[in-house]
Amino acid sequence: MSILTRIGLGIAAVLALVAGAISCGSSTNNDQGVSFLALGFFEDGDGEAGDAGTVVFISETFAGTNGGPFPLFIPVDKDPEEPGLQGGFIGLQNNLTDQFVRTIRMDCSYDIPGSDPALRIPDDSWAFTTIVEAAADPENPSQAFTQVEIVSPDILSFLNVNQNLTPEPPFRMLATCWVVGVSSAGDTFTTNPVLYQVQFTDEPTCRQAGFCVGEPFNQGAGAGGTFTVFEDTTETAG
């Protein structure tokens, strides 16, 4: 085989690889959320009040839909006069003027300052689908606010059984989360990261005066539970 033939075969192989990569879709740069932006967490689906974090009794549980106790997950029921989960709405903004974005999941990583180096909290994902419509007007981008699971029962169970590696309560955990979505053109976008802080206490004290819940659930690694159906609110800012 001549050297020219070898060069020709090599070029053909490279072109085939490039064509294959193009046909499989692409991952698009979204530095600092310039196309698909995470606005942060909010108290409700209107996006009017921010939600920077919450306080949680580390051994707290809630009553599942089948009557049994399950490890609490976050967001939490903060207000006894307003049953249901409050807060934990992630705000998303689509700055693309000709494409909608369909969310796939939210990924989170966790860090506890001052914890033992041996504590390696696993990352977690929350699969959800929300359509963030194209921005009809660049001056009025399209936004959506969806309630998501920021800290799962599995993560809380993991912390519960590894309390020997965490600081003495009260201590704080920082969740760093980002959303992955696909545009109508098939491009994959990952938003900028947003932060949520959880303050853990060792007492079933009230998040608000007169409201206390808490049953220890030292049962080993969590297996999840029956989740409350979260609200999904989509709107176009105008």
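This is a predicted model: local features need pLDDT of at least 70, side-chain atom pairs count only at pLDDT 80 or more; totals for chains, interfaces and linings use all residues.
Local features need pLDDT of at least 70 and side-chain atom pairs count only at pLDDT 80 or more, while totals for chains, interfaces and linings use all residues. Residues are numbered from 1 along each chain as its sequence is written, and side-chain values use heavy atoms, with hydrogens and water left out.

**View 1. The largest nonpolar core and Met173.** A nonpolar core is a set of buried Ala, Val, Leu, Ile, Met, Phe, Trp, Tyr and Cys residues joined through side-chain atoms within 4.5 Å, where buried means under 20% relative accessible area, exposed over 50% and partly exposed in between (1.4 Å probe, protein chains only). Of its 37 residues, those touching the most other members are Phe41, Met106, Val151, Met173 and Phe200. Among the elements giving two or more residues to this core are β2 (36-42), α2 (153-161) and β13 (194-201), and β11 gives the most, with five residues; helices (H or I, at least four residues) and strands (E, at least two) are DSSP runs, numbered from the N terminus. Leaving aside residues up to four places away in sequence, Met173 has contacts (heavy atoms within 4.5 Å) that include Tyr110, Ile121, Leu159 and Phe200.

**View 2. The disulfide between Cys108 and Cys177.** The structure holds one disulfide, a pair of cysteine sulfur atoms within 2.5 Å, and here the S to S distance is 2.1 Å. Cys108 lies in strand β7 and Cys177 in strand β11, so the pair ties together parts that are 69 residues apart in sequence. Because the torsion about the S-S bond is about 110°, the disulfide is right-handed; both cysteines are buried.

**View 3. Gln163 in the loop between α2 and β11.** Gln163 is partly exposed, because its relative accessible area is 30%. The C-alpha atoms of Gln163 and Leu119 are separated by 9.5 Å, although these residues are 44 residues apart along the chain.
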